[in-house]
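Subject: Structure handover

Hello,

Please look through it before reading my notes.

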Amino acid sequence: MEEFVNWRRYPFVRLIFPFAIGILAADKSSIFPNYTSVIVIITALAVGFLLNAFRSNRKLVIFNGFYLYLLFFCLGLFAFRMHEPSLSETYYAKYLNRQPTTMMVRVDDTEMTENWFKLYGSVIKTRDSLDFWKKTNGNILLYAAKDSSHLMPGSVLLIRSKVLPIAESKNPGSFDFKAFLKRKYIDYQVFAQEGEWLLTDLKMSTISIEAAKIRLHLIEVLKSYIPSEREYSVAAALILGYRNDVSDELSNAYINTGSIHILAVSGLHVGLVSGVIMLLLSFISKNNLTFRIIKLCIILIAIWFFVLVTGAGASVIRAAVMFSLIHVGQVFYRRKYIYNTIAASAFVIFLWNPQLLFDVGFHLSMVAVLGIIALQPVLNSLWNPSSKVVRFFWDLSTVTLAAQIATLPLTLFYFHQTSLYFLLSGIFVVPISSIALYAGIGVFAFSFILPAAAKLASIIMYGSLFAMNSAIFGILKLPYNLITNIPFNGWEFFVLSVSMILGILFLNLRSKSLLYTSVFLFFLFAIIRIYFDYSHQSQRLLIFYSSKERVFIDYFHGNNCISLRESNDPIQEKYVASGARMQHRILESKTINLITNY
């Protein structure tokens, strides 16, 4: 218990909060001090902190904390400013006064749609108003009309077309694509028709581009070894983080059973890869520091190569940073404080990309890890089965339950739904997915040197993927599997989250004050929920949606909704109207189809 409350052992746990607040302040208030002022401020704060730190007067200790927190707040501001493309003197948007715009775009990643190449690129050159080429930077989303050209990461395109700002969301509460791309530092897009773009002979190379090429090659390897489209698409998502080929039906099945994290490369995958490399290097002496450092370098290279190949998502970056710090600590015999390691990994991640502070996947991943660390031992202590087999499944159940409890407020806030059978998916799907991942690594390793062994590994992988998909669809057919359309706003999220955090702290620290406060906040949450439900019972509202359908109208009458539409397309309903309905706490809806009633 002492370790949990001794804050001196957890410096990053304390400092990550002012750092994150600095990023948040820069994002919300557009505080962008110039480089000189930031450096002066940070230097002054650092000098002040050092002067106070060397004084022996204990009364000045409080100033040390103040200086340190203020220093990390300013570091948060500075980190955000360093990554903001619009503040760069070479940002391509400064030359968009001439439309159509001529530019050269380096392809960083590619996706295929029915009629377009969907490309994420970097603008390397732009023609200015005087028709001179200017070296530029900045990300762009490019839709290029399909032709016979073969586009790969590293290709350079010459484009002459209109550059348009990303359109804002037109429907209340709907998914904000503009904000989503903004978090990826993309503010503009191009729809280049035939004749408006040309593939040049130039080729560019970066570490991420080469990794993307390797991922595309490995995807082709999977296609050649796995005959089924369904199992191939899950393998590509599970092992390489490539989800473009996963069908909507399959994706929804994993979402609705609480297993979508299996298709998102995360800590589980990084841990398995790390375990394989450590096993292969187990012959290296543990007593020789030089050999341990060589082993560490090999492990870190393998982990970060895996991160790049899988697309460098928020969850896998978090896991890679955390495992890297753990391995570094092991080499130098540092004691492991997991909460400080997690906070340090968050600090490194935000320095690298401050926008990940707002990433939903990062939130879920981080909270799930914290929940497992803090809650799983408590749940595990409730029963100690003697059978090793029973113990294995009990451990899986408590890990899944801890992660699900910890992420429940986030799941309700972001997705307004929860699965009742998440334990089943955790017990059956996680072990099977581990087998599939190891078999997939075997396929890649042996496909270059021993095709017969690769074929055997692919049979194991295919069988495990088939079993996993069958389990998912079996769970999906169970009655009352999914509770959907749960209204849940920011106030409810905040109060319930604090209540649960204090409750988990009570289970670890056994402090009655924590228990009383947690229970009080839970009752406050119930009161707030009743209040919001009641306050919407008298609402009368008419909403005209922007949709592919010519007519899509909702009439809110209390907690009920009458919808006038041209079709009953559930996908349109989900992406167009579900956000507004959750904002206004609609519990029941009835659709009137205008065509059938015409």
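Below are my notes on the fold, the cores, the aromatic pairs, the salt bridges and a surface patch.

First, the ground rules. This is a predicted model, so local features need pLDDT of at least 70 and side-chain atom pairs count only at pLDDT 80 or more, while totals for chains, interfaces and linings use all residues. Residues are numbered from 1 along each chain as its sequence is written, and side-chain values use heavy atoms, with hydrogens and water left out.

Overall picture
The chain has 20 helices and 14 strands. These are DSSP runs, numbered from the N terminus: helices are H or I with at least four residues, strands are E with at least two. Of the 598 residues, 45% count as buried. Buried means under 20% relative accessible area, exposed over 50%, and partly exposed in between (1.4 Å probe, protein chains only). The accessible surface comes to about 31700 Å², and 66% of that belongs to carbon and sulfur atoms. Areas come from the Shrake-Rupley method with a 1.4 Å probe; for residues, only the protein chains shown count as cover. Among contacts (heavy atoms within 4.5 Å) with a separation of 6 or more, 69% join residues 24 or more positions apart.

Cores
A nonpolar core is a set of buried Ala, Val, Leu, Ile, Met, Phe, Trp, Tyr and Cys residues joined through side-chain atoms within 4.5 Å. The largest has 41 residues; Ile-16, Phe-19, Ile-23, Ile-349 and Phe-350 touch the most other members. Helix α2 gives the most to this core, with eight residues. Apart from it lies another core, of 40 residues, including Val-221, Val-234, Leu-272 and Val-443.

Aromatic pairs
The whole structure holds 23 aromatic pairs. Rings of Phe, Tyr and Trp (its six-membered ring) pair if their centres lie within 6.5 Å; planes under 30 degrees apart count as stacked, over 60 as edge-to-face and the rest as tilted. Phe-12 and Phe-347 are tilted, because their planes sit at 45°, with centres 5.6 Å apart. Phe-12 lies in helix α2 and Phe-347 in helix α12, so the pair ties together parts 335 residues apart in sequence. Phe-12 is partly exposed at 28%, whereas Phe-347 is buried at 13%.

Salt bridges
The search finds 21 salt bridges. The cut-off is a side-chain nitrogen of Lys or Arg within 4 Å of a carboxyl oxygen of Asp or Glu. Which residues does Arg-581 bridge to? One is Asp-554, at 2.9 Å, N to O. Arg-581 lies in helix α20 and Asp-554 in strand β12, so this pair ties together parts 27 residues apart in sequence. Both residues are buried. Arg-581 also bridges Glu-573, at 2.6 Å between the closest N and O atoms. Elsewhere, Glu-492, Arg-529, Asp-533 and Arg-585 are linked in a network of salt bridges.

Surface patch
Leu-542, Phe-544, Tyr-555, Ile-562, Leu-564 and Ile-592 form a nonpolar surface patch, with about 510 Å² of accessible area together. Strands β11 and β13 each give two or more residues to the patch. Patch members have over 30% relative accessible area and no salt bridge; like charges are joined within 9 Å, nonpolar side chains (Val, Leu, Ile, Met, Phe, Trp, Tyr) within 5 Å. Leu-542, in strand β11, is partly exposed at 49%.

Best regards
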